[in-house]
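These are my notes from a first look through one structure. I went through confidence, a sheet, charged pairs and a helix in turn.

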Amino acid sequence: MAWALKLPLADEVIESGLVQDFDASLSGIGQELGAGAYSMSDVLALPIFKQEESNLPPESDDKILPFQYVLCAATSPAVKLHDETLTYLNQGQSYEIRMLDNRKMGELPEINGKMVKSIIRVVFHDRRLQYTEHQQLEGWRWNRPGDRILDLDIPMSVGVVDPRANPTQLNTVEFLWDPSKRTSVFIQVHCISTEFTMRKHGGEKGVPFRIQIDTFKENEAGEYTEHLHSASCQIKVFKPKGADRKQKTDREKMEKRAPQEKEKYQPSYETTILTECSPWPEITYVNNSPSPGFNSTHNSFPVNEGNGSPNHQPEPVAQLADNLLPTATPQEAQQWLHRNRFSPFCRLFSNFSGADLLKLTREDVIQICGPADGIRLFNALKGRVVRPRLTIYVCQESQQAREQHQKHENGDGSSNTFFVYHAIYLEELTAVELTEKLAQLFSISPRQISQIFKQGPTGIHVLVSDEMILNFQDEMCFVLDTMKAETNDGYHIILK
């Protein structure tokens, strides 16, 4: 019984000692820190907080950027809080990007009332694919000849001036716009994310892309090379309606998660705001000169200068026929099939060299590829060229007069004068096509040719129409003369 009565006393002693130790420890903290020594910055200086701080936006959050670009497409709800947003797009669907002017009063006054140039790109998000971007895009070009990765939907766009799509840059478009006016550009992305994945077993996740916009202002030389602002966002592109299904799947997955788990993810926003980034490094072609494939204005018309000789007036460069050679290796044969839109049959002909393919008969190719593609492949293998509907030959009168005058000066009265003619091939048999072909021949803009006349009886000038060209005989020869137009800076061309 005595032993039982000692227990509470022992517990009292232990409890008293613990209280004293705890009080001492608290007083120690107060003595070490002091009343004024405690600050939040000391706590944030701990390594664990430094690591989280590096993932947060920089302290310049209050900085207002001069421009803001808003992609009108919803962000995915299945993205964690501190990760970059991800937006799903449908292949070939037009999406609006609003170009907003966020400048403060007096900021960038040099662009007031002036145009700026923006360049939109679709590029790879992964570094691994960025390093091999050229090879990836070339492979896509072979599989999709004539298609572009990025296009502008010009009829739907607002405030866009001089839109251009460089033929050598499949993933790039550019345009001018006035920041003081409402501007919305509609884009279409034609590649899908799974086109750039490694084909192994099917069902692979598609690679993410980036939409990046770089904006430039004019320099003193009138070239748009001075960088103003860049922003980008992360996207994935699906086959038509695939983005809607993916968005719905992500939303259903998030609804099934526990409330504590949902707090770790971002909400889905109706639009995607492009975040500021560094300018895209490959901007060497950004200049004021016209891109290939677009009309340009020239200051002079070279026909009057008599440069009709092949030594002075270059012929338009004709595209060389892409004929398959018998010496082609199986790898070169595969590339030839890609370039000529026969990619679905590459696996069938994987071990065929150029000689093997050229030995196939028409019946063989049709049996392997089917009637439609078989006939097309057979004609491509044989290098058959489609004959133009109409061929005419033209020569400049100034050249004839110069050479004839030279003959007379040399005392040669013979009529055996050698004249150089250029061949023009017409397919549509229209006056517009003839104008474009003549402009191409002399390396000028079609807009500089006002009218085309044909010299008729008694020297009258008859306007060349579509109906007249339909009645031209094949391989007719004409001598070209020019006459200055009275109403503008263009020229009239006379066919004699």
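**Entry: strand pairing**

Strand S13, residues 390–396, pairs with S14 in the antiparallel sense, and I found five bridges between them. I then looked for a facing pair of residues: Val394 stands opposite His422 in S14. As a reminder to myself, strands of a sheet pair through backbone hydrogen bonds, either parallel or antiparallel.

Next I looked up the sheet these strands belong to. It is an open sheet of six strands, with mixed pairing, in the order S14-S13-S17-S18-S15-S16. Which strands are at the edges? They are strand S14 (422–426) and strand S16 (461–463), each of which pairs on one side only. From one strand to the next the twist averages 40 degrees.

I also checked what packs on the sheet. Helix H13, residues 431–441, does, and it touches S13, S14, strand S15 (449–455), strand S17 (476–484) and strand S18 (491–495). The direction of H13 makes about 145 degrees with that of S14.

**Entry: confidence**

I looked up how far the prediction can be read. The protein chain averages a pLDDT of 76, and 73% of the residues score at least 70. Residues 1–10 have a pLDDT below 50, and beyond near neighbours in sequence this stretch has zero contacts in the model. Residues 24–61 also have a pLDDT below 50, and beyond near neighbours in sequence I noted nine contacts for that stretch.

**Entry: salt bridges**

Side chains of opposite charge can pair when their charged atoms come close. How many salt bridges does a search of the whole structure find? It finds 18. I wrote down several of them.

Arg148 forms a salt bridge with Asp151, and their closest N and O atoms are 3.3 Å apart. I compared the two with the 20% cut-off for buried residues. Arg148 counts as buried because its relative accessibility is 13%, while Asp151, at 23%, counts as partly exposed.

Arg257 and Glu261 meet through their side chains in another salt bridge, at 4.0 Å from N to O. Arg257 has a relative accessible area of 33% and is partly exposed. Glu261 counts as partly exposed too, at 31% relative accessibility.

Then I looked at Asp481, which forms a salt bridge with Lys496; the closest N and O atoms are 3.4 Å apart. Why does this pair tie together parts 15 residues apart in sequence? Asp481 lies in strand S17, whereas Lys496 is in the segment after S18, so the bridge spans that separation. S17 is one of the strands that helix H13 touches. Asp481 is partly exposed, with a relative accessible area of 21%, and Lys496 counts as partly exposed at 35%.

**Entry: helix H11**

I looked up which residues of helix H11 (residues 371–381) are buried, and listed Gly374, Leu377, Phe378, Ala380 and Leu381. Why do they lie on the same side of H11? They cover an arc of only 160 degrees around the axis, so they share one side. The general rule I had in mind is that an α-helix has 3.6 residues a turn, so residues three or four places apart point the same way.

On the face turned away from the buried side, H11 carries the exposed residues Pro371 and Ala372. What covers the buried residues includes helix H8 (330–339), helix H9 (354–358) and helix H10 (362–369). After H11 comes Gly383, and I noted its positive phi, near 65 degrees.

**Entry: Gln334**

Helix H8, one of the elements covering the buried residues of H11, holds Gln334. Is Gln334 buried or exposed? It is buried, with a relative accessible area of 17%. Leaving out residues up to four places away in sequence, Gln334 touches Cys346, Phe349 and Ser350. I also took one distance: the C-alpha atoms of Gln334 and Asn351 are separated by 9.0 Å, and the two residues are 17 residues apart along the chain.

Terms used:
Residues are numbered from 1 along each chain as its sequence is written. This is a predicted model: local features need pLDDT of at least 70, side-chain atom pairs count only at pLDDT 80 or more; totals for chains, interfaces and linings use all residues. Side-chain values use heavy atoms; hydrogens and water are left out. Two strands pair if DSSP finds at least two bridges between them. Helices (H or I, at least four residues) and strands (E, at least two) are DSSP runs, numbered from the N terminus. Axes are lines fitted to C-alpha atoms, for helices over the stretch in contact, and angles run from 0 to 180 degrees between N-to-C directions. Contact means heavy atoms within 4.5 Å. Buried means under 20% relative accessible area, exposed over 50%, partly exposed in between (1.4 Å probe, protein chains only). The arc is that of the directions from the helix axis to the C-beta atoms. pLDDT is the predictor's confidence in each residue, from 0 to 100.
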